Amino acid sequence: MRMWGITKPCVPDAFTLGNASCGAISLLVLVGAGYAEDVWAGLSTLQLVSLLLVLGTVFDSLDGATARRFGGSSLGGQLDSLSDGITFGLVPAALLVTIALAGGGGGLAVAVAVAGFLVYLSGALLRLADFCAVRDEDTDFVGLPSPLAALLAVSAAYTTVDPLLLGLVLLVVGSLMVSRLRFPHQGRDMLPLAIGGWVLAALAALGAVQPTLVVAATWVLVLLVLPVLAARSRGRADDDEDIDVDREVRRRLRLRLAHQQR
């Protein structure tokens, strides 16, 4: 007897739902506690949501890895984009605007924070929809990936609670998601960097390392190092393609000369 009235999900989809669950719990924390210093186990709203986003990033990486290793369902791409839209789109924007509104400030600062919230959320949704619809076969990411955007946005909250600055961060990061900047896929070569990022983010959220240093390192890594790595990787791919074309031209020339000598 068939138990599913939809396409049957598989193991990678369970990891994707784990990612969405981290985002959903984060939203419950924001709705229930707002911006508080002690929400659970001595953790502030910022720390608890940061840890949930780190866990969501782990789930987001595991779903792709398991799908490539064991195969996935036809739900995978759309479900992944929907989950990322919640965890890395709505949650970071809601967190920063919650902190901004709690910090007070004038009408202009609040307006910029709300505008940043809308721009960030729109950028995340547009980027995810574009990737799912037309770019899922690209060898690298065009535009800042939403998990990295979430990392940049949330990290800024460790250095300031000024509504104007937080709004500007959301405006900038939201725009970067629909920019032409290229970022490498999180493949085997990127895994050590990803693991290091998760560890640093978790330690910063728990207060085990100086957040300011982590924030500075994060912004340099994401906006300078990763685009350079993507450009180098793309350059190597273009060189390999040129070599393949050259070999094919020489092969055809040899065949033509051999045919003329007969």
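Q: How many aromatic pairs does a search of the whole structure find?
A: This is a predicted model, so let's take its rings as the prediction places them. One of the pairs joins phenylalanine 15 and phenylalanine 59, a tilted arrangement with 6.3 Å centre to centre. Searching the whole structure, the count of aromatic pairs comes to two.

Q: Which helices hold phenylalanine 15 and phenylalanine 59, and how many residues apart in sequence are the parts that the pair ties together?
A: Phenylalanine 15 belongs to helix H1 (residues 11–33), while phenylalanine 59 belongs to helix H2 (residues 45–70). The pair therefore ties together parts of the chain whose separation in sequence is 44 residues.

Q: Is phenylalanine 59 buried or exposed, or in between?
A: Buried means under 20% relative accessible area, and exposed means over 50%. Phenylalanine 59 has 21% relative accessibility, so it falls between those cut-offs.

Q: Why is the pair of phenylalanine 131 and phenylalanine 141 called tilted, and what is the angle between the planes?
A: Planes under 30 degrees apart would count as stacked and those over 60 as edge-to-face, with the rest tilted. The ring centres of phenylalanine 131 and phenylalanine 141 are 5.6 Å apart. The pair is tilted because its planes meet at 55°.

Q: Where does phenylalanine 141 lie, and which element holds phenylalanine 131?
A: The two residues are 10 residues apart, and their pair links distant parts of the chain. Phenylalanine 141 sits in strand S1 (residues 140–142), and phenylalanine 131 in helix H4.

Q: Which element gives the largest share of the largest nonpolar core?
A: This core has 40 residues, and Val49, Leu95, Leu96, Tyr120, Leu144 and Val173 touch the most other members. Two or more residues come from each of H1, H2, helix H3 (76–102), H4, helix H5 (146–156), helix H6 (163–176) and H8. The largest share is nine residues, and the element that provides it is H3.

Q: Which residues is leucine 96 in contact with, leaving aside its neighbours within four places in sequence?
A: Leucine 96 is among the core members that touch the most others. With neighbours within four places in sequence left aside, its contacts are Ala153, Val154, Ala157, Leu166, Val169 and Leu170.

Q: What is the distance in space between threonine 87 and glycine 23, C-alpha to C-alpha?
A: Threonine 87 is part of helix H3 and is buried, with a relative accessible area of 0%. Beyond its neighbours within four places in sequence, threonine 87 is in contact with Asn19, Ala20, Gly23, Leu53 and Pro92. Although 64 residues separate threonine 87 from glycine 23 in sequence, their C-alpha distance is 4.0 Å.

Q: Is valine 214 buried or exposed?
A: Valine 214 is a residue of helix H8 (residues 211–261). Not counting residues up to four places away in sequence, valine 214 touches Leu200, Ala204 and Val209. Its C-alpha atom is 6.9 Å from that of leucine 200, which lies 14 residues away along the chain. Its relative accessibility is 12%, so valine 214 counts as buried.

Q: Which residues form a nonpolar patch on the surface?
A: One member, valine 114, is found in helix H4 (residues 107–134) and is partly exposed at 36% relative accessibility. The patch has about 260 Å² of accessible area in total, and its residues are Leu101, Val114 and Leu118.

Q: What is the phi of alanine 41?
A: Alanine 41 lies in the loop between H1 and H2. Its relative accessible area is 65%, so alanine 41 is exposed. As a residue other than glycine with a positive phi, alanine 41 has a value near 55°.

Q: What pattern does the chain follow along the sequence?
A: The chain's secondary structure consists of eight helices and two strands. Read along the sequence, their pattern is α-α-α-α-β-α-α-β-α-α.

Conventions: Residues are numbered from 1 along each chain as its sequence is written. This is a predicted model: local features need pLDDT of at least 70, side-chain atom pairs count only at pLDDT 80 or more; totals for chains, interfaces and linings use all residues. Side-chain values use heavy atoms; hydrogens and water are left out. Patches are made of residues with over 30% relative accessible area and no salt bridge: like charges are joined within 9 Å, nonpolar side chains (Val, Leu, Ile, Met, Phe, Trp, Tyr) within 5 Å. Accessible areas come from the Shrake-Rupley method with a 1.4 Å probe; for residues, only the protein chains shown count as cover. A salt bridge is a side-chain nitrogen of Lys or Arg within 4 Å of a carboxyl oxygen of Asp or Glu. Helices (H or I, at least four residues) and strands (E, at least two) are DSSP runs, numbered from the N terminus. Buried means under 20% relative accessible area, exposed over 50%, partly exposed in between (1.4 Å probe, protein chains only). Contact means heavy atoms within 4.5 Å. Rings of Phe, Tyr and Trp (its six-membered ring) pair if their centres lie within 6.5 Å; planes under 30 degrees apart count as stacked, over 60 as edge-to-face and the rest as tilted. A nonpolar core is a set of buried Ala, Val, Leu, Ile, Met, Phe, Trp, Tyr and Cys residues joined through side-chain atoms within 4.5 Å.
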